Amino acid sequence: MTTSALPSRRDEAWRYSDIDAVAAAWPLPAPESIIVPAGGNFARAIVQDAGDIRQIELVLGKGAAASLHVLNIGGSYGRIELNVILHEGADFHLGAAQIGGGEQNLEIVTTITHAEPGATSWQVVRSVLGGTATGTYLGKVAVARDAQQTDSEQDVKAMLLDRSATANAKPELEIFADDVKCAHGCAIGELDAMALYYLQSRGLPPGEAKKLMLQAFVAGVFDGAEDEEKLQALALAKLGELV
Amino acid sequence: MLKIENLHATVADKPILKGLSLAINAGEIHAIMGPNGAGKSTLSYVLGGRPGYEVTEGSVDFDGQDLLDMEPHERAAAGLFLGFQYPVEIPGVSNVQFLRESLNAQRKARGLEPLSGGDFLKLAREKAGLLKMDMDMLKRPVNVGFSGGEKKRNEMVQMGIIDPKLAILDETDSGLDIDALRTVGDGINAIMRRPDKAVLLITHYQRLLDYVQPDFVHVLAAGRIVKSGGPELARELEEHGYAEIAA
């Protein structure tokens, strides 16, 4: 993940990035390194609201567990990049939402390496995009030859509020073991017109009706977060700007 | 209260309503019956302002206001309630939150203070009790996993909470078993049979009308009302079928 030369759109992990914004921030500081020792527990909420590029390297020791909650909403270009290495029996959980409007370009790029047997990883990502915004999720799960009984899941959904917005989603699996479970699902859609009409028919103005449905769409990703209420409130405020 | 004159409407450029006229006064319950494809549901959606239902001619006056000029949420705030034939499931949105926000949006439009959480729950509990619906169902996501009958009951609980002036109930009786039909009928009477309110019941069958006595019955066929009468007309239809009456 640590790139020595300025990336271009030819680099897979940067193909949808705002390269001008990356160049302006170049060279990037060294990624934040987090090591959770064997049997340890780690939890963090990350709110990207200022147009930053955040790179985190996370290593989970044997039987360790980490739970990250991410809200990616700010700046003209905001990127959150996670490089996670799981040792035997480790458990990684990511719940992420990115919400963008105008000309924002937001991305979440993850590489989860199951280096040893029996580790689990679970990623849920929801994007809401309006205007000409772009939201990208690139999620690579790499399973090493010895990492049998790996259990990995990626659940990715994006909601487009305008036909001019763009969602990119690419789950990528690289599996060298033969006894693994790697699920991935992806859906990109629009708000259901009939549901919106139903809500409006009870008296909700169109903006409020959309906000209610979008709130429900992203709500689940923050379940169990320590700062759950704060994250929900920030997400709701951002959704309010979009509808 | 509601005055429909010479209403023509199309759906996807196909003419469905072809010159429908109907007047409903406060205190009255009207039933519209008719065969499949007559335009019954189209009428309810046109009155409810559903996108895609295009009015090409005619007018609808609701308490002195041009109904056709209003957005769906404005129609609700003006006192119109549409009971859906197929209530929509909305995952993740709780009934209680949805109804409280809806009711308060209507109150705001009328210049009233919002109802507090406690007052709203009291009201919701009362109306759910009236329709014999478990309060737990009100806390669940809107209509998700509800049976057909539970969805219809939920529509009536919503109607009770919102307390509209005019209710248009599109096949509220379909999907109900006999006990639920009685409960829903009693609910409609309790909520809407008042001198300042009116109801337009849209139905295929006589059976709901056994519980909710209409003052007027109309037969809709090929986009127009072809016959009007009292409650006895519904029984005639049941006996002889639409073909004979509408001919």
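This report describes a predicted model, covering the interface of chain A and chain B and a hairpin in chain B.

## Extent of the interface

Between chain A and chain B, an area of about 1900 Å² is buried. Carbon and sulfur atoms give 69% of that area. The contact involves 17 residues from chain A and 29 residues from chain B. On the side of chain A, the residues that lose the most area to chain B are A:Tyr197, A:Tyr198 and A:Arg202, which together make up 42% of what that side buries.

One salt bridge is counted between chain A and chain B. The side chain of A:Arg202 meets that of B:Glu155 in a salt bridge, with a distance of 2.7 Å from N to O.

## The side of chain A

Two elements of chain A, helix 2 (193-201) and helix 3 (206-219), each give two or more residues to the side that touches chain B. Helix 2 of chain A gives the most, with seven residues. By residue type, this side of chain A divides into 11 nonpolar, four polar and two charged residues.

## A hairpin in chain B

In chain B, strand 11 (residues 216-221) and strand 12 (residues 224-229) run antiparallel and are joined by five bridges. Within this pairing, B:Val219 has B:Lys227 of strand 12 as its bridge partner.

The two strands form a hairpin, with two residues between them. B:Ala222 lies in the turn and has a positive phi of about 50°.

How values were computed:
Residues are numbered from 1 along each chain as its sequence is written. Chains are lettered from A and ligands numbered from 1 in the order in which they are written. This is a predicted model: local features need pLDDT of at least 70, side-chain atom pairs count only at pLDDT 80 or more; totals for chains, interfaces and linings use all residues. Side-chain values use heavy atoms; hydrogens and water are left out. Two strands pair if DSSP finds at least two bridges between them. Helices (H or I, at least four residues) and strands (E, at least two) are DSSP runs, numbered from the N terminus. Contact means heavy atoms within 4.5 Å. Buried area is the accessible area (1.4 Å probe) that two parts lose on being put together, summed over both. A salt bridge is a side-chain nitrogen of Lys or Arg within 4 Å of a carboxyl oxygen of Asp or Glu. Ala, Val, Leu, Ile, Met, Phe, Trp, Tyr, Cys and Pro count as nonpolar, Asp, Glu, Lys and Arg as charged, and the others, Gly among them, as polar.
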